[in-house]
Amino acid sequence: MDSQIAILSPTTGWILIAGFAVLWLALGLWWGRKGASLDGFMLANRNVGLALGAATAVATWVTSNTTMLAPQLALEMGVWGMLSYSTAAIGLLLFAPMAKRIRALMPTGYTSAEFVRLRFGRPAWVVFLIISLFYAMTWLVSMGMAGGLLLEALAGIPYHWGMSVILAVCVGYTVVGGLHAVIGTDFIQSLIVILGVAVVVIAVLTQIDVASVHESLATSRPALVTVLFPAALMGVFNGLLFGLGEIFHSNVWWSRALAMREGVGQRAYTLAALIWLPIPILAGFLGLAAAGLDLPIVRPDMVGPLLAAKLLGGVGAVLVFVAVFASLASSIDSLLAATSDLVVHDLVHGMLLRGRSDDQRQRRHAAWALVGLGLLTWLLCLPKLGTLATVLFFAGPLVGSTIWPILAGLYWRRANSRAVLWAMISGSLVGLACYVFVGWYTGALVGTTVSMLVVVLGSVLAPGDFDWAKLSQPEPAPAQETGS
C-alpha cells in the first residue's frame, strides 16, 4: 500500500512504534529481575494474583483476531458473524474450573503437554505436542501478518518492515523478562485495548446512522441481517468449538493456570471472560457498518481499522494503531513464552535429552527458543499466506480434536490412553478433509465430533484405571552426565 493512501504518515507510524518498543523493553528489563530461576522465567514463580491473572487472560485473548478478524466475520457473515467470535468467552468460562483442577493436580507441573504424557503416555504426548506446536505457529503467523498489514494500511509502512519490527520488539522484552514481563505488560496492554476499542466504536457511532446502515444492508446484502444464514449458523458452532479447543489444549492457558497462586485461577478466568465478552461484539460492529456504508475493502481482515480511520481521520487511525498494536503484543509475547516452554521442557529436555539437564540450563535454552520461534515466525510471515481467517482456522480441526482428550484426562479416571491417541489423529484428519472439501466453518465442528466419539466409545469398551496421584508426584531427578 502506498504511503499516500495511508491515513498516518510513515514518520508518525515509526514514532509510535519506537515509543512502544522503548516502553515494553524497559518494562521487560524491570520485571525480568524476578525471572532468574526456571520457575521465575517460565511461571512467574507460581505467585500471580487475581488482578494480574485476569488482566493477562484478557490481554492474551484480545488478539489481532479479536480486533481484526471479528470485523471480517461480520462483513462476510453478518450479525451471526459479529456474535460468533464472542462465543470464545465460553471457553474462558469453562476453563475457569479446569484451571483450579490443573493447579491442584499438578502443583509442580510446567506444560499442557507434560500433563498428556503423564496421563496418557508417550504416543499420545507426541501427537499432542505436534498439534500444539502447529497451532502455536499458525497463531503466531496470523498475528505477525496482522501487525504488518496494520502498519501498511494505517501508516504506509511496508508490510515486511512492520511485521519484522513488531516481532522483534515482542521477542526482545519476552527474552529479557520471561513470564513476569509478559504478565506485567499484559496488564497495561489490556487497559489500552479495552479503552481503545470502546472509544473507537463510540466515535464511529457518532459519525453514522445505525438505522440507515441496517436499511442499506437489508437492501443490498440481506443475508447479513437474517438469522437463517446457514453458513453463518455453522460458523457460530465451529467458532465456539474452535475457541474451546484453543483454550483447553494450549499451553498459553495452562501456563497461566500453573503460574497463579492457589485458589486464584478459577476466579481470574471467570472475571477475564466477563471482561472480554463485549470486545469482539464492539469490534465486529465495525464490519457491519462498513458493509452498510459500502466501503471499498481490499482485504476483509483490515475492514475494522480502515473504517475507523476513514470516519475519524488521523485521530481514529492513531487510536486503532495503538489498540491493535497492544493487542498484537499482548498475544505474541504470551504465545512466544508458552511455546518456548513446550519446545524446551517437552521437546528438547523431555524427548531429546530425556531430562539430562538442570534448571539453569533449561532457563538458558528457553531464551534461545524464544529467539528461534521469533525467527521462524518471521520467515513464515514473509509470503503473506492468506487472510487471517484462512491462516488461523486451518488449525481448527486439530485443536478441536484435543477438547475431549483434555476433558477426559482431567475428570474421567477410566479414559483410555489408546482411545485418546486415535481420537486426536482421526479427529484431525477428518476435520481437515472437511475444511478442504466443504468449508473452513466445518473443520473444528467435525474434528471435535469425531474425537468425542472415539474417546467415549473407546473408553467405554476398554476402560482405563488412572491413579491421579501420579500427576502430583515430582519428576525424577535429572541423570547426571559423566565424563572421563
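**Aromatic and nonpolar side chains**

Reply: A nonpolar patch on the surface is formed by Leu-52, Phe-187 and Leu-191, which together have about 250 Å² of accessible area. The model is a predicted one.

Phe-321 is located in helix H14, which spans residues 303-352. With a relative accessibility of 0%, Phe-321 is classed as buried, because the class takes in values under 20%. Apart from neighbours within four places in sequence, the contacts of Phe-321 are Leu-8, Gly-13, Leu-16, Ile-17, Leu-150, Leu-151 and Leu-154. For one of these, Leu-154, the C-alpha atom is 7.3 Å from that of Phe-321, although 167 residues separate the two along the chain.

Next come the ring pairs. There are eleven aromatic pairs in the structure. One of the pairs joins Trp-61 and Trp-139 in an edge-to-face arrangement, with 6.3 Å from centre to centre and 80° between the planes. Trp-61 is part of helix H3 (residues 50-61) and Trp-139 is part of helix H7 (residues 122-155), so this pair ties together parts 78 residues apart in sequence. Trp-61 and Trp-139 are both buried. The two also belong to one aromatic cluster, made up of Trp-61, Phe-95, Tyr-135, Trp-139, Trp-253, Tyr-269 and Trp-276.

Rings also take part in arrangements with charged side chains. The charged end of Arg-119 sits over the ring of Phe-466, at 4.3 Å from the ring centre. Likewise, the charged end of Arg-46 sits over the ring of Tyr-110, and here the distance to the centre is 5.0 Å.

Arg-46 also deserves a look for its backbone. Arg-46 lies in the loop between H2 and H3, and has a positive phi of about 55° despite not being a glycine. At 12% relative accessible area, Arg-46 is buried. Asn-45 lies in the loop between helix H2 (38-43) and H3. Its phi is positive as well, about 60°, and Asn-45 is not a glycine either. Asn-45 is partly exposed, with 38% relative accessible area, whereas Arg-46 is buried.

Notes. Residues numbered from 1 in each chain as written. Predicted model: local features only at pLDDT ≥ 70, side-chain atom pairs only at ≥ 80, totals over all residues. Heavy atoms only, no water. Phe/Tyr/Trp six-rings, centres within 6.5 Å; stacked < 30°, edge-to-face > 60°. Helix = DSSP H or I, 4+ residues; strand = E, 2+ residues; numbered from the N terminus. Buried < 20%, exposed > 50% of the residue type's maximum accessible area, 1.4 Å probe, protein only. Lys NZ or Arg CZ within 6 Å of the ring centre and 35° of its normal. Patch = residues over 30% accessible without salt bridge, like charges linked within 9 Å, V, L, I, M, F, W, Y side chains within 5 Å. Areas by Shrake-Rupley, 256 points an atom, 1.4 Å probe, with all protein chains shown as cover. Salt bridge = Lys/Arg side-chain N within 4 Å of Asp/Glu carboxyl O. Contact = heavy atoms within 4.5 Å.
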